[in-house]
Amino acid sequence: MDRLERPARTEITALLKKLARGPQATYDQRAFFLNEYLRVLSDFLELPEERIQAGDLADVGYAVAWLNAAAAGYTRQRRVAGKPDAAAASQAARCATFNAFARHLGQPERLSEGWPDSQGLPVDESRRVVELLADNRPPRTNRSTWERTSALAALRLVTGRPLSELAGLQVSALDLKADPPTVTLGERVFPLDELAVRTMNRWLDTWKRLTEQLEGGTVTQVWVTIKPGRPRYGEPAKHPYLPCSIRALRAAQHDLTSRLLARPTRLGQLSGPDPDDVVSQNPKRRRTAPAAPPPERTAEDRALALRQAAEVRRERAEMLGRLKAGDLSLPDVLAREDRVVGGTRVGRLVESLPGVGPAARRRILAEVGLDEQRRLQSLRAQQRERLLHECSTVSRAVARG
């Protein structure tokens, strides 16, 4: 059978198998956009995906229709009012993905990739990227690497300093308990916003735990390695938890943003507000007159609040018990939006499923990229769907015995 007449899914799998030997970021990007292209073409041709041939995906006319659909916002997983058009970088990545698939099939036709120049992202887009990275650990990523990378991105956003200057940051240069919190770079002191303080505190907790494992000597740099290095030139591999190179920091930023956004975002592309305006933009650190103290509650008010909290905890325990016994399904729980469900921690919910223990809970949450301490009310719709999918897969495996 001619390769163009084979099922598109078969050739996509063959291409990804070849790409699996290369950079993970390239593999993730090609997989994401090829699956998107196949899904759009299936809708366009009104055919099931298994009946789409590889030659259909290699057709430039269909590829242009896919790009137009993306430009009109039809491929967005989350629609944004007033912003239907796809980013120039993601359109270029789609063209590069089509060209890679055409090369795989030996087809000559190509699309012009037209990558945008390396200018920085707008301030609002930069902050959106950093907030997404700070609140969502990409699948199949090391937690410590994610915490280090999100803290570095938040620091770049708030200071605007290049990676060459941020890479050598010393712990002593941070004053996170000041009002406002600050970081000293060179001879300049930069105020830090809530996002930078939160991500930096999270990373420093991990940093302390990692560097305590070193025997002898101390580490004063903020950014340290997570894993042992590679043996080079006959020298043994370097111990982990030592100062991190610029190359490793840049590679981690590229890898994590590729997994999270399906396209890499360099640290140098992030643009933040003027550092002098950070304090005034941070609602938690605004230099205004102190807010009026909250009204004092009576003993009856406090007693009522305690009774209500106890009732919520009782109902939550009863709900999780019914879930464990199989009397209540996970979709029914996720469909509720009351205080009982909204305040439930994700880890506790997952471990309450039939047949799920601590090991399965950690595996499920790692696949979804969620912290077990997150509460259900903070999850986005896409995260709920992925959580439900992973839990359903485990439940079916348990049912089969």
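## The strand hairpin

In the hairpin of β2 and β3, two residues lie between the strands, and Gly 186 takes a positive phi near 65°. Helices (H or I, at least four residues) and strands (E, at least two) are DSSP runs, numbered from the N terminus. The model is predicted: local features need pLDDT of at least 70, side-chain atom pairs count only at pLDDT 80 or more, and totals for chains, interfaces and linings use all residues. Residues are numbered from 1 along each chain as its sequence is written, and side-chain values use heavy atoms, with hydrogens and water left out.

Strand β2 (residues 182-185) and strand β3 (residues 188-191) run antiparallel and are joined by four bridges. Two strands pair if DSSP finds at least two bridges between them. Within this pairing, Thr 184 stands opposite Val 189 in β3.

## The sheet

Three strands form an open sheet in the order β1-β2-β3, with antiparallel pairing. The edges are taken by β1 (174-175) and β3; each has a single partner strand, so one side of each is left without a neighbour in the sheet. Between β1 and β2, which run antiparallel, there are two bridges. Asp 175 stands opposite Thr 182 in β2.

Helix α12 (residues 299-325) has 27 residues. From its first C-alpha to its last, α12 reaches 39 Å, close to the 39 Å expected at 1.5 Å a residue. The expected span of a helix is 1.5 Å times one less than its number of residues. The buried residues of α12 are Val 312, Arg 316, Met 319, Leu 320 and Leu 323. Buried means under 20% relative accessible area, exposed over 50%, and partly exposed in between (1.4 Å probe, protein chains only). An α-helix has 3.6 residues a turn, so residues three or four places apart point the same way. What covers the buried residues of α12 includes α13 (330-335), α14 (339-342) and α15 (346-351). Just after α12, Gly 326 takes a positive phi of about 85°.

Helix α2 has 22 residues and reaches 32 Å from its first C-alpha to its last, close to the 32 Å expected at 1.5 Å a residue. Just after α2, Glu 46 takes a positive phi of about 55°.

## Aromatic rings

A search of the whole structure finds three aromatic pairs. Rings of Phe, Tyr and Trp (its six-membered ring) pair if their centres lie within 6.5 Å; planes under 30 degrees apart count as stacked, over 60 as edge-to-face and the rest as tilted. One of the pairs is Phe 32 with Phe 33, which is edge-to-face, at 5.2 Å centre to centre and 85° between the planes. Phe 32 counts as partly exposed because its relative accessibility is 35%, whereas Phe 33 counts as buried because its relative accessibility is 2%.

Another pair, Tyr 37 and Trp 66, is stacked, at 4.4 Å centre to centre and 10° between the planes. Tyr 37 lies in helix α2 (residues 24-45) and Trp 66 in helix α4 (residues 60-71), so the pair ties together parts that are 29 residues apart in sequence. Both Tyr 37 and Trp 66 are buried.

A charge sits over a ring if NZ of Lys or CZ of Arg is within 6 Å of the ring centre and within 35 degrees of the ring normal. Arg 202 lies over the face of Trp 146, at 4.3 Å from the ring centre.

## Cysteines

How many disulfides does the structure hold? It holds zero; a disulfide is a pair of cysteine sulfur atoms within 2.5 Å. Cys 244 counts as buried because its relative accessibility is 7%. Cys 391 is also buried, with a relative accessible area of 2%.

Note on methods. Contact = heavy atoms within 4.5 Å.
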